[in-house]
Amino acid sequence: MDASQDGRNPREPRAHPHTRTRTGTRARTGILLSAAAALVAAAVPASASQPAPAPAPDPVVVDCFSKGQIRPDEYLLACGDGNNRLVDLRWNTWGPKTATATGTDMVNDCRPYCAAGRFHPYPVTVTLSDPQPWPDHPDTQRFATIRLLYTDTAPAPLPKDVTYKLVYDTPTPTP
């Protein structure tokens, strides 16, 4: 067996000197990049890798039966006698601060009295606002104000722009 002075087999092809340098450079570059990535990962605070908390759900509008609704098609305004109802509501927006819709306010004229009266349609723009905590529903806000803007005529004796407080809380029975 014939061996050269450097301990290599003379039949094995010798690597070109530049190839050895390029391979060594690539290895060093890879090691340096891996080390840099590890340093960057260690430097990023742990909170940056955790997902952001989920946003609070949008507020609801509470109906006469103490049920929370989002984007209802209809909404009863006169809980006691049912003589005023918003119908055909088409919601343009529903967000954390306000909700807006267009629809029709069906109002009983109560002539000669409400049971014998007729319902009349009034085109209206509805805006819900003033979200407040909903008692007994700690994770839910409810809209506390409704604004009705009549786009044609308003039912007499109301003005064309009227705002109401929405507070339909069922009293908690005391023991």
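Cys 110 sits in the loop between S5 and S6, where strands are DSSP runs (E, at least two residues) numbered from the N terminus. The model here is predicted, so to speak of local features takes pLDDT of at least 70, while side-chain atom pairs count only at pLDDT 80 or more and totals for chains, interfaces and linings use all residues. Residues are numbered from 1 along each chain as its sequence is written, and side-chain values use heavy atoms, with hydrogens and water left out.

Back to Cys 110: its phi comes out near 55 degrees, a positive value in a residue other than glycine. With 22% relative accessibility, Cys 110 lands in the partly exposed class, the band between buried (under 20% relative accessible area) and exposed (over 50%), using a 1.4 Å probe and protein chains only.

The loop between strand S5 (99-108) and strand S6 (119-134) also holds Pro 112.

Pro 157 belongs to the loop between strand S7 (137-150) and strand S8 (161-165).

That leaves Arg 71, which is not a glycine either, yet has a positive phi of about 50 degrees. Its spot is the loop between strand S2 (68-69) and strand S3 (75-76). Arg 71 counts as partly exposed because its relative accessibility is 38%.

Definitions and conventions. Helices (H or I, at least four residues) and strands (E, at least two) are DSSP runs, numbered from the N terminus.
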